[in-house]
Amino acid sequence: MTEKFDVIVIGGGPGGYVAAIRAAQLGLSTACIDMNTGKNGKAALGGTCLNVGCIPSKALLDSSKHFHHLQHDYASHGISVSNASIDINTMISRKDDVVSKLTGGVAQLFKANKVRQFHGRGRLLADRQVEFTPHASTEKIMLEAQNIILAAGSVPIAIPNVTFDNKRIIDNEGALNLTEVPNRLGVIGAGVIGLELGSVWQRLGSKVTLLEALPEFLPAADHDVAKQAGRLFKKQGLDIRLGTMVKSANIDGDVVNVKIEDKTGQSEISFDRLLVAVGRKPYTDGLLSDDSGVTLNERGQIDVNEQSQTSVPGVWAVGDCVRGPMLAHKASEEGIAVAELIAGKAAHIHFDTIPWVIYTDPEIAWVGKTEQQLKEEGVAYRSGSFPFAATGRGLAMGDAAGMVKMLADEVTDEILGVHIIGPNASELIAECVVTMEFHGASEDLARIVHAHPTLSEAVHEAALHLDKRAIHRGN
Ligand code: FAD
Ligand code: AMP
């Protein structure tokens, strides 16, 4: 017999599990099918984000940051430690504990909200029927719902002539589970994931080389921020080689030999481990039957409109498997919006105010347009900035690299973009997102009282600088 629900969600990542919880909160009978299995062999909800993405990477970034600070940055505070050491297995099992607390937490939230959890694979058939194959089984169980939400996420992209063996040539999952610090770590791709995971192992002692095909560093970030970041990362010891195309990689015993091409021609470079971080692609393998009616675009993403509706009425799709940035918070907000639309409520996502964060040290965060985008679009704007080195808090913390840069419309003063490189940029950006969401002006931020001494004073001063009235820097 076919079991019926109001909503079936396929995928239990931040897009899917959040959609399922919100749908259940709204009184809809909801099921969530997720096939991910944790290290203990049991269902592990939370998708890429909780299991092999956002959370484990941040856990290792924090561990490695403490180790690095202990060795290099605490002497000026009068703190010295000799023979500091790190036990990689303890670091990795702490990370695993964080992951299992959170994935277990999602399972508890499902119980509390009465979301039915199905561990296994889901496949959309015609007429909003779903075929469910339980984990480690070949049995087929039929489910049906008024509304289906596809939240199947994404997987790492592979490149030609570079074959993962998950030991020497690894993806993000492998880089989150290394059992020893490689002497030489090669990273293909100097994007967000390459930089974050490269930083982890560099802080622990690896010599890290990032091979990036593009001639420009972090082209999506504001140029001033990217320039500062490039300088700071180089000083930290990251060897970032731009304009360097990886052609192939071969494992030879314990070594990975990588053929590269740059402006000097072709050459070879050897590493102990090679991390492939050239981006991610939507994961739709086995998700759709031939007659499901759901279409994909030329990039392999599920086709959706502004409201996340697919080509089939009652079938929706959210998160990494559709257009838009591959970010956990974007996936979750889409999930919530879809659940609310299904329940007959109004919902809308503002793609223009989705914040971006790179969790390097210093962190990089931005919202809205970059200066180069405003120039290209011919928008008249004013710009203000403020360095953390001129904040009392940054200096007191001994963590004062970077700046806040704010861009506002020349005529209306509405904030068009804020770009931060510096300590706690990931948290500081929230105030700027709120202001932009309310179509606030730089004058609004300039007139708001910011606590002293805080890092947020740099946001305040950047707003003042935009109007040539910063107090703690020249105008
Ligand atoms: P996913 O999280 O990929 O979840 C999809 C789930 O669906 C998976 O569990 C999958 O197994 C399951 N599934 C797929 N097909 C089926 C099927 N047919 N049947 C059953 N189950 C299925 N984003 C941020 O915002 N901040 C960060 O700091 C950040 N750091 C990252 C670090 C790394 C190393 C990586 C790899 C990614 C990071 N991301 C970060 C991106 C973030 O993880 C993704 O944007 C987010 O997980 C997308 O959520 P999702 O729900 O769309 O898909
Ligand atoms: P992101 O999309 O942020 O994950 O970044 C992935 C990066 O990998 C991009 O900056 C790409 O330019 C880069 N990249 C893709 N293919 C190659 C390649 N063959 N060699 C070097 N870099 C690559």
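Cys32 has Gln117 of strand 3 as its bridge partner, and this pair is a handy way into the predicted model described here. Helices (H or I, at least four residues) and strands (E, at least two) are DSSP runs, numbered from the N terminus, and two strands count as paired if DSSP finds at least two bridges between them. Residues are numbered from 1 along each chain as its sequence is written, while chains are lettered from A and ligands numbered from 1 in the order in which they are written. As the model is predicted, local features need pLDDT of at least 70 and side-chain atom pairs count only at pLDDT 80 or more, whereas totals for chains, interfaces and linings use all residues; side-chain values use heavy atoms, with hydrogens and water left out.

Strand 2 and strand 3 run parallel and are joined by five bridges. On to strand 4 (residues 129–134): strand 3 and strand 4 are antiparallel, again with five bridges, and Gly120 faces Pro134 across the pair. The two make a hairpin with four residues between them, and in the turn Asp127 takes a positive phi of about 55°.

An oxygen atom of ligand 1 sits 2.8 Å from a backbone N or O atom of Gly15, and for Pro14 the corresponding distance to an oxygen atom of the ligand is 3.3 Å. At Met35, a polar backbone atom is 3.2 Å from a nitrogen atom of ligand 1. The protein covers 94% of the 990 Å² of accessible area that ligand 1 has on its own, by the Shrake-Rupley method with a 1.4 Å probe.

Ligand 2 has 15 residues around it, with Gly189, Leu211, Glu212, Ala213 and Val246 the closest. Here the backbone meets nitrogen atoms of the ligand: Ala213 at 3.0 Å, Val246 at 3.1 Å and Leu211 at 3.5 Å. Of the 510 Å² of accessible area that ligand 2 has on its own, the protein covers 72%. The shell is made up of 10 nonpolar, four polar and one charged residue.

One has three strands in the order 11-12-13, with antiparallel pairing. Strand 11 (245–252) and strand 13 (265–271) are its edges, each with a single partner strand, so one side of each is left without a neighbour in the sheet. Strand 11 and strand 12 (residues 255–262) pair over seven bridges, and Asp252 stands opposite Val255.

Another open sheet has five strands, ordered 17-18-21-20-19 and antiparallel. Its edges are strand 17 (356–358) and strand 19 (381–387), and the twist averages 10° from one strand to the next. Strand 18 (residues 363–368) and strand 21 (residues 415–422) share six bridges, with Ile364 opposite Ile421. Helix 7 (residues 223–236) lies across strand 18, strand 20 (403–409) and strand 21, at about 5° to strand 21. Contact means heavy atoms within 4.5 Å; axes are lines fitted to C-alpha atoms, for helices over the stretch in contact, and angles run from 0 to 180 degrees between N-to-C directions.

Most residues other than glycine have a negative phi, and most peptide bonds are trans. Asp361 and Pro362 are joined by a cis peptide bond with omega of about 0°, and Pro362 lies in the loop between strand 17 and strand 18. A cis bond also links His452 and Pro453, with omega of about -10°. Asn83, not a glycine, has a positive phi of about 55°.

How values were computed:
Polar contact = N/O pair within 3.5 Å; in protein donor to acceptor, adjacent residues only side chain to side chain. Near = heavy atom within 4 Å. Nonpolar A, V, L, I, M, F, W, Y, C, P; charged D, E, K, R; others polar.
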